[in-house]
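Work through the exercises below with the structure open beside you, and try each task before you read its solution.

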Amino acid sequence: MRARVSLAVLLALLAALPAFAGSYALSVATLILYFAYTGQAWNVMMGFAGQLSLGHSLYVGVGGYAAGALFFHYGIGPWAGLWVALLLCVALGVVIGFLAFRFGISGVYFALLTIAFAEFTRIGFDHLDWLGGPGGMFLRVAQRDIWDLANFRGPPLMYYYAMLFLTAGAFALCYFLLRSRAGYYWQAIREDEEAAQALGINTFRWKMLAVAISSAMTAVSGVFFAFYYNNLFPEQIFHISRSIEIILGPVIGGVGTLFGPILGAAVLTLLSDGITEALAALGWEIPGIKQVFYGLVLLAVVMFLPNGIWPTIAKKLRL
Amino acid sequence: MSSSLQIRQLSKSFRGLKAVSSVSFEVPEHHIVGLIGPNGAGKTTIFNMVAGVYAPDAGEIVFDDKSIQGLHPHQVCTAGIGRTFQIVKPFAGLSVLDNVMVGALLRAKSSAEARKRSQDILAKLNLDSKASEPASSLTLPDRKRLEVARALATRPRLLLLDEVMAGLLPTECDQMVQVFRDINRAEGLTILLIEHVMRAVMALARGIVVLHHGEVVSRGTPEQVVRDPAVLECYLGEETEV
Amino acid sequence: MTWDLVVNVVIAGVLTGLVYGLMALGLSVIFGVVRVVNFAHGEMMTVAMYAATVLFAAFKLDPFLAVLPVAAAFFVFGYVMQAGLINPFITRPEHSQFMLMVAVAIIMVNALLMIFGPAAHNVQVDYQLESFELGKILLDKARLYAAAAAVLAAAALFAFFKFSLTGKAIRACADSYLGARVVGLNVKRLYALTFGLGAACVAVAGCAMVLLVDVTPPLGPYYTLLAFVIVIVGGLGSMTGALLGGVLIGVSEALAGLFIAPSAKSMFSFGLLILVLLLRPQGLLGRKQ
């Protein structure tokens, strides 16, 4: 009961945020929600089905480029582009999943496989001139004042609510998934795949489902990214640093939990922004300092709170 | 008397070593049959072939008049065969109830139905008081019971028990024996069990198959097998608990 | 495109590949024995390269001489890291351990960025511009010396594992953690020793590599991935496999750079990794697990 009330309060606060937050705070909040959503998408593969993907930037990139390219070359709006992005990313995820599961690749080898695919794609896209090559693809931005939902253009407020909607939706989706047969089966597979099979679970099929859902959700992140930032570079979007950024939220917040990715994203973004601001105020604007901070937080969490921050906090707050 | 499980000329080699050599036996429906023999005789290999973990090199496995050799483990379970593992494999991060629910969801039409069935099974195995505990906190005997409960939740018609009594005290063993006797009598569950604990085998089994070096060396009722000189010979020097 | 050019490119690839091989050897030892997925391996290599540049800038110390202090420092660092940081993680789930090294890698690479900035650093020694001529074949002196150093270090490591008692003890740990403890080996100390050795390999490889390429912080993750590609292609648990894999990757990178485009060379390595993972996960010379 406490949990539901707290959740409702949080949602209300987030919905009302733009009323009392400045434009900078709003952009930070949008970023937090972006990482919360994408982290939640990754969490479906790792936290639910136990498959460690370190190449999730692949889906963000493919999703973003798919919708972006359609808009750039043919003027096709993001809503139609979204379907193409979803299709491509799910297909990719299914291929990777199929290759991995059929050939019995798991654990660190699976992680390396996902990295290899992302890197391969990164370098490949650098050589695709139709997509802009290494110089990048730039989507034209009409104006930032009017709400143009058809082309997903508008003020920062629109993007904030879009991301809030996505994050809340992801949370709801995962909540219902966890309580369904899928949730039980995924957790069983994660704990002990052999035992799961002995109970009649077609582990291959269920793992593929997790991969498909995860990659589909991440495709949406990519489309959002493309139309929010309006520029796409292979070096940037497919880079392994992006993949690591995606997992930081869930790992710090709590892999496999519902609220972990959201909490982790919030903690990470707020603290890192705070530190960057503080250091800038002191005159220390050194490239790399934010990432060192990320690394230290990750190190601390992995060493001392291996299940993430959320389980500890949830227990303290008795949620 | 119809057969639940028929094993015909089953063979399996691992890298040249013949683990199971042309083994044939039957498990009649509603019976409890014991599969015994010294370590390395090939008992678990046979289990693993029935359960679909390995495909046999040769031979047939027929369950309920349907050929099942070569099926995947999950298909074998869906066909009606449940199994436990020699070294128990609980879903450590889940609660006891959730462990059993994973099994129950196979046949249940809803989560509610699965939950009801799981609670009933836990009660039968004296685990209902621990339903919300994490499986990782259970003692070994309780983990063994959980393993059995989970397999039972899939509504099997044949249950494969792999050394379920190992590590249990005599009183715990007797309790387990009673549970199996009750289920066999009440629901007609056919059971094939691998056991070293002779106390349990003698108490439960209606028929025994003795395996040694991958071959059947004797079969019959417990009384017959215990007196068979071939059996005594293969156990000479081995420790048995009676 | 003359035949001589191709031959020279292949030879250069082999020589560079031997240095890659030494780097991968360090990972093979660490991954193969301690089972730690050292995601900071390439970053460690990069640190070694920077160390060599610093020593050169400060003392005009030739990288091959810098090997001694750098390798010693790395040995200690590796030992301490395993003993202090990683050992408690042996019993933890795999992804936990993985994340630990990812964190270390992030800290390393960005600390380098903070200290040295994004611009390239290098050493400038006379013999980098000289080469031996064998007919039409040109052997860059620097590359030849680097490869020689790599082979020497690898040989020393081989000898250690084959002939010394400690080496055999470490191999025992690799085969069976529990068994090793049962016979009384201090496995944790041996793990730390192994990590130290692996780190020392990386140090030597780094000092050699700095003669061949300029160092920038992004090399860290690149070398990490490369090391994993080599170890997996060459075969986990096989030291010869690591060297062979290194040479293979060195040559294929060189040829890809020549025939396709320099920027596409690593694409080939990743494609190879995918193929090997799918078709022959034990690698060319590895043991099937």
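This is a predicted model: local features need pLDDT of at least 70, side-chain atom pairs count only at pLDDT 80 or more; totals for chains, interfaces and linings use all residues.

**Exercise 1.** Describe the side of chain B that touches chain A.

Solution. Begin with the contacts: 20 residues of chain B are in contact with 15 residues of chain A. Next, look for the elements that give two or more residues to this side of chain B, which are α2 (73-79) and α3 (96-104) of chain B. Finally, turn to confidence: chain B averages a pLDDT of 90, and among its elements α3(B) has the highest mean, 96, while helix α9 (residues 229-235) of chain B has the lowest, 81.

**Exercise 2.** Decide whether α1(C) is largely enclosed or open, and compare its reach with the expected one.

Solution. Helix α1 (residues 3-34) of chain C has 32 residues and reaches 45 Å from its first C-alpha to its last, close to the 46 Å expected at 1.5 Å a residue. Now count the buried residues: because 23 of the 32 are buried, α1(C) is largely enclosed by the rest of the structure. After this helix comes Arg35(C), whose phi is positive, near 60°.

**Exercise 3.** Find which residues touch the most other members of the largest nonpolar core, and locate this core.

Solution. The core has 291 residues, of which Ala48(C) and Val204(C) touch the most other members. Helix α8 (residues 187-209) of chain C supplies the largest share, 17 residues. Since domain 1 (1-80 + 156-242) and domain 2 (91-155) of chain B both give residues to this core, it lies between them. Lastly, beyond its neighbours within four places in sequence, Val204(C) is in contact with residues including Leu22(C), Val67(C) and Ala149(C).

Conventions: Residues are numbered from 1 along each chain as its sequence is written. Chains are lettered from A and ligands numbered from 1 in the order in which they are written. Two residues are in contact if their C-beta atoms, placed from the backbone, lie within 7 Å. Helices (H or I, at least four residues) and strands (E, at least two) are DSSP runs, numbered from the N terminus. pLDDT is the predictor's confidence in each residue, from 0 to 100. A nonpolar core is a set of buried Ala, Val, Leu, Ile, Met, Phe, Trp, Tyr and Cys residues joined through C-beta atoms within 7 Å. A residue is buried if 20 or more other C-beta atoms lie within 10 Å of its own, exposed if 12 or fewer, and partly exposed in between; C-beta atoms are placed from the backbone. Domain bounds come from an automatic or database domain assignment. The expected span of a helix is 1.5 Å times one less than its number of residues.
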